[in-house]
Amino acid sequence: MNWFLSWISGTILYAAPLLFPTLGEVIEQRAGLVNLGLEGLMLLGASVSFAVSFATQNAWVGVLVAGCVGLLANLIYAWLVVHRQAHQLAAGLALMFFGIGLSALIGKAYVGQMAPVLPKFQPFPSQALLFRYDLLVYVAFLLAPLCWFLLFRTRFGLKLRAVGESPAIAYAAGVSPALVRYIAAATAGILAAIGGAHLAVGITGTWSEGMTAGRGFIAIALVIFSRWDPLRAIIGALLFGSAVVLQLQLQAQGLGISPFLLDMLPYVLTVLVLLIWGRGVRYVAPASLGRVYFGTE
Amino acid sequence: MDEDRLTCESDKTVVCLRGITKRFPGVLANDHVDFQLQSGEIHALLGENGAGKSTLVKILYGFYHADAGEILVHGRPVHIRSPRDARALGLGMVFQGFTLIPAMTVAENVALFQAELPRFFSPRELEQSIRAASDQYGLALDPKAPVWQLSIGEQQRVELLKLLLAGARILIFDEPTKVLVPHEVEALFRVFESLRAQGFSIIFITHKLREALSCADRITVMRQGRVVGTLLARAATEESLLHMMFGEKLPEITRSPGSRAPGEVVLELRDVCTRPVGTAPALDHVNLKVRAGEIVGIAGVSGNGQRELGDVVLGLLRIVRGKKFFLGQDATSWSPRQLVRRGIAFVPEDPLSMAVVPGFSTLENFALMDLQAFSKFLGTVMNWGKVRTFFREGFTKLGLSPLPEPVRASTLSGGNLQRLTLVRELSRPYHLVVGLYPTRGLDVRSANAVRQAFLVAREQGKGVLLISEDLQELFSLCDRVLVIFRGRIVGEFRPEEADLTEVGRLMTGAGVLHGS
Amino acid sequence: MVLKSTSNRWVWILFRLSLTVVLILGVFGLFLWALGKNPLKAFQDTLRLNLLNPRGLSEVVVRMSPLLLTALGVAVPFRAGLINVGAEGQFLMGALLGTWAAFNIAGLPPALHLVLVLLAGMVGGGLWGAVPGALRALGWVNETITTLLLNYLAPLIVGYFVFGPWRAPELAMYPQTPELPVVPYFPVLPGTRLHLGFFLGLFFLGLYAYMTGRSRWGLELRAVGGNPEAARRLGMPVERWLLAAMVLGGALAGLAGVAEVVAIHGRLKMAVSPGYGFMGFLVNWLAFANPLGILIMSFLLAIIASSGFTLQITQRLPYAAVNVLMALILFVVLAKPFRQGVRR
């Protein structure tokens, strides 16, 4: 029972750093941009937040700066795909390379160090160690309905979705597709970087090269799983959080299964999720996704 | 002319165009056109294709800028530089291609174009207001329905609703009936009348004079960029309008029966059923025979299983029940490759997406016709000399001048692409040619080249299956015309005996007796 | 823009190219400077140690061999309209299956054994490419995301074997296999580390150039990539081509992996690839699947990879820093500088 409770507790904790980038990608894809650079953004967020939090001894400053860096980095991507009409997948991968490399440069000095982590608190008084989270976990789960509200209940959300479906029609309706896409990319950049930051200064309190371990790509799969719906993204993030925690727990139990095989669990699960939910997304996936918009003549 | 001036400044005139001239490279599209729209009237702009109707309304809507002339709205001279300016003046235009987002609901599509949409909105209130507006104008739309589920007629009404809620008082329709079936046309005209009763002014473009006569208050006829005249619909007759549209010579719809009797059955579908794919209808017990030396037409409103029928013939769509025979052999489960090899040619609409590789040269595209025949040594070496010979011969045989060989397909015009496709498909040994809307979107000359090639194919004793929306085309080319509706063949006609209204009824399902 | 003479055009292209290079190096230098390194010294070292001495130059060519093959591994699917970002995983699986063949096939003449080992590497990479290829051919999942995810699975599988059943007992410190029995028979140019892999790379590049450009099969592959809808209606087996392209691509990347294990490392370990698969993707993107471009760009990226190691030693930078340089190159190429209209 105790084992079960700690599994649930850990699931929620590990879902948060996935939920941030997933929500960011939902918004970005709803505006018609596929960003494969999430992994790089997360790594940047993790390394920057760690470095800043190490220097200032304040984890919140780290998270804040990480968010700003994520925003700026993703604006490179947005500029490439919106203004230079670059291939979205290639631009995303370039961003991924950028993030992997730059985070390694930034983090070099901090390998093996400990930085201050975000303060944790419990929503209700109970057993000592379970269900104690930092504020970002609560933020993540509140952000999902907020994103949903933004997309489906506000004028801006309507315009953003219109841009994702057809930039030309949105333009005819008086919306600037470029501006909307920049805003979407900026939001996604902040969210992805905060997701990475949460991993570094929220959960582990350490930095290691490539520490996000493909979470950026798992997030993209989760967007498909969630059918571009922020509320369903919660389910997806919890599913993967539970897989990560289960794998950690099984390793701790020492069942004699190779840790490498257990590590495969989330990736295999992702591929399976794609297999089951990745099909028949017509009229669900934004119609202009991945297409270059050359503007109206 | 003095009379015109008077009406232009009168209170009843909402739009007045004076001396509008617009020249495109090589064409004088509008030549000193004068036009007045009165308050609360339905005004038909009638003329043949290319008479300059579309250009005129696009100038009014700010899409084009006139080289000369002036526009007055409510008696005041205005400069309309963009559609935005036009909308600010209370004009609204429904285009031939709709600007709707299929994945969104009616309410969302309408809301997107509403200037005063609140920052935060409740979908329920939005839907209520849209339902109210829809009822007010008799549009009968469900605000919650996603647009992709709507019929073309309903989509057109969504476009209209968008304009009405954005405050348009002067409505322009560019060939609104072109995409509609007869009963939808009637419904649209009822909407026009209800709008007129509420004080809206309407311009609609058409080239069908019966529509103009049945619905409009006044009719302006255009020919070769000029206004021939404006008359009251009550005072007009078919003969007078025809005379104004075409001058002295009337075009004839000629039928050209084949010179010899149809021969062996080339293709036969026997009770063929398929599974539905997405929103497209499944074929439902389709029976069909195409004989050698015969053109069989498939009439129907787009999206009733025509594409699926073509795919079944080409072996791209699996047959779940029934049989397909090609040249007397059971071909039900043949692969597309086998069918193509045995002799099926295919001429689609929009060759750039369905027939040619955009990045290939014309010659490379031609070589795709039969790569095996054009290569040697297990496919490791291409015999380009042979390709070139066949390429030139193919064009000559169809009486066309060969296209340049090294040109990329993506740079060719639609007509030339279709010529390339036609030559490639008809150069190989074939027994059946399938045309899937082969003349859609083509210029008149290219379309005629396609039609001519099909007639030649018939003369040579080939079977032709022609899927088209253009009833005139079908009835002038075909030996038999079948009507398809929701994946079922609902009627068969010989062109000489056909009654077009009956065909129209069948196409829309009105004539199906045992409706499911 | 139409330029009058071709020589004029070449001058313009060269000018653009050199300006691009200066731009990229400038920005990278800025990054180094920001991190408290001396960019001039770094460039100087890189130049001196990699290009201006024969030993360094031969090392650059050594790094070029896997790049040629992984780039081809991306280029073949690219021609079929597929984006294979999984060359990294295919490389590792090639290394893995090649290693298996080296240890588990016995009693054959060495030359034959070696051929089988290389073939096994191709099979390993091919299978790893077949998974996303099949999923795409069935129309289930887009290949880009699956190939990316499989990149994360492959090192875990390699890790399982080198930390587990295949771990060499004599070197308990390092997780790696014992030396592969075929290593001594692998042809290497005397005095250098230049090995058969390089010549295999050149051979396959030539084959690729000929087949895609001149043969019926290449025309068909490109037709499938250029317009699958039309290809299907012309009776081409489009799905089979998609699968075949991914399998072929995977096989080439897998060959790179096994050659690298046999020729350079001698044994399978975690660090057999310093990102050769990703670099291959970059090479192909820069070359746009053009054979000559692949040759030039693999050389360029081999210099970058070598520089990565140089900088690691002389400037104590993490090897991953080359990713920044690669990203900058890709950014600049995607931004299409010096081009007025970027419209099609």
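Strand S7 (residues 170–173) of chain B pairs with strand S8(B) in the parallel sense, over four bridges. Strands (E, at least two residues) and helices (H or I, at least four) are DSSP runs numbered from the N terminus, and two strands pair if DSSP finds at least two bridges between them. Within this pairing, B:Ile172 has B:Ile203 of S8(B) as its bridge partner.

The model is predicted: local features need pLDDT of at least 70, side-chain atom pairs count only at pLDDT 80 or more, and totals for chains, interfaces and linings use all residues. Residues are numbered from 1 along each chain as its sequence is written, while chains are lettered from A and ligands numbered from 1 in the order in which they are written.

S8(B) also pairs with strand S3 (residues 42–46) of chain B, in the parallel sense over five bridges. Here B:Ile42 is bridged to B:Ile202.

S8 of chain B covers residues 201–206, and six of its six residues are buried. A residue is buried if 20 or more other C-beta atoms lie within 10 Å of its own, exposed if 12 or fewer, and partly exposed in between, with C-beta atoms placed from the backbone. On one side of the strand the buried residues are B:Ser201, B:Ile203 and B:Ile205, and on the other B:Ile202, B:Phe204 and B:Thr206.

The contact between the chains involves 13 residues of chain A and 17 residues of chain B, where contact requires C-beta atoms, placed from the backbone, within 7 Å. On the chain A side, helices H6 (155–165) and H7 (167–172) each supply at least two residues. H6(A) gives the most, with four residues.

Notes: Contact = placed C-beta atoms within 7 Å.
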